[in-house]
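Let's take a friendly walk through a protein fold together. Have a look at the picture first, and then follow the paragraphs below.

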Amino acid sequence: MSKFMNEKYCRLEAYTPGEQPQDKKYIKLNTNESPYPPSQGVLDAVNTDAVSLLNLYPDPECKDLRRTIAERYTVEEKNVFVGNGSDDILNFAFMAFCGEDSPAAFPDISYGFYKVYAELHAIPFTEIPLNGKLEVCVRDYIGINKNIFIANPNAPTGLTLSLDDISRICESNKNNIVVIDEAYVDFGAESSVNLTKKFDNLITVMTYSKSRSMAGARLGFAIANEEIIKDLEKIKYSTNPYSINRLTNLAGIAALKDNSYYVENCKKIIEAREYTKVELQKLGFELTDSKSNFIFTKNSNIDGEMLYKKLKEKGILVRHFSKDRIKDYVRITVGTKEQMDALLAAIKTVI
Ligand SMILES: *Cc1c(COP(=O)(O)O)cnc(C)c1O
């Protein structure tokens, strides 16, 4: 750290992204990317003509993209916000709606960025413990008068909340926002999008990074009440109005037009997930009933960190978290059936 660093950031603990090794070819099952490439429409959209216009700034309003998203989710354009990855949107939500007098709350085991954003902006926060089965316990969120951030399905457990539960949380915290982070919703949870028409405090956040094979393009979106969207726009226009570049803009539109391709890929991933769960159980693994594109699992014969290391030696990357409550586990992204077979074969030699 230089002597110039602002004192308020000196003790900030930044988010640690999963490894993105550039040196050797791994079977990459550590950051929940899709094993499938973007659709043909996306490849066609990002063409030489599009690249040759990169001398010009992109549309800061992202009108075409927002209209396409609005049509897909049967909301209006004014209910759609787009950001440079959903991480950007989550950050904006912390900035726009939380503060010293408006604390945040999220599960103790969840997406690690919630805590980082709260600390970045000096927002008081409560980490609400998952129950013994690693589930979000809805009654712990009823009427707590805090801004609530919940991933549904949750990460890294893959467990889901019902729309009834989400409604109860929104209904009982009317003076605060409720952010439902649906990064993994396409793999088996019910989307809260339609509830945004009923609750003016609900923000549904989604991403192109997981089910839409576009982690490298950085694109996320939020659906909410018009006033909420305006607030997010205000933060965007106060930081970086051009946060969605031209190529990502075009790719985002094209991906939604090829919806059936992505639905098909999700189906394959869900099949591979259920297959891998059964095979892991045969090998003595315990796991949560993940409805996501990852499996969260442990085996009493080998600790999580050791399993992670041994698999890495064999060219397979999975994710291990050192947090005490989940340090026995590893999180394994669901890839293709072939990748899962390679994983299972490697695990058999390790345990
Ligand atoms: C991957 C992930 C995100 C971040 O997605 P980007 O759109 O790539 O920024 C947000 N929330 C959760 C729970 C995630 O797992």
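Which residues form a nonpolar patch on the surface? In this predicted model, the patch is made of Val46, Val51 and Leu54, and together they have about 210 Å² of accessible area. Leu54 sits in the loop between helix 2 (48–51) and helix 3 (63–72). Why does Leu54 count as partly exposed? Its relative accessibility is 44%, and partly exposed covers values between the 20% limit for buried and the 50% limit for exposed.

Now turn to the sheet. Strands of a sheet pair through backbone hydrogen bonds, and they can do so in a parallel or an antiparallel way. Here you will find an open sheet of 7 strands with mixed pairing, and its order is 2-8-7-6-5-3-4. Strand 2 (80–83) and strand 4 (125–128) are the edge strands, since each of them pairs on one side only. Going from one strand to the next, the twist averages 20°.

Phe149, for instance, has Val179 in strand 6 as its bridge partner.

Finally, look at the helices that lie across the strands. Helix 4 (residues 85–97) lies across strand 2, strand 3 (104–107), strand 5, strand 6, strand 7 (202–207) and strand 8 (220–224), and helix 4 runs at about 155° to strand 7. Helix 7 (residues 226–237) lies across strand 2, strand 7 and strand 8, and helix 7 runs at about 25° to strand 2.

Terms used. Residues numbered from 1 in each chain as written. Predicted model: local features only at pLDDT ≥ 70, side-chain atom pairs only at ≥ 80, totals over all residues. Heavy atoms only, no water. Patch = residues over 30% accessible without salt bridge, like charges linked within 9 Å, V, L, I, M, F, W, Y side chains within 5 Å. Areas by Shrake-Rupley, 256 points an atom, 1.4 Å probe, with all protein chains shown as cover. Salt bridge = Lys/Arg side-chain N within 4 Å of Asp/Glu carboxyl O. Helix = DSSP H or I, 4+ residues; strand = E, 2+ residues; numbered from the N terminus. Buried < 20%, exposed > 50% of the residue type's maximum accessible area, 1.4 Å probe, protein only. Pairing = 2+ DSSP bridges. Axes fitted to C-alpha atoms, helices over the stretch in contact; angles between N-to-C directions. Contact = heavy atoms within 4.5 Å.
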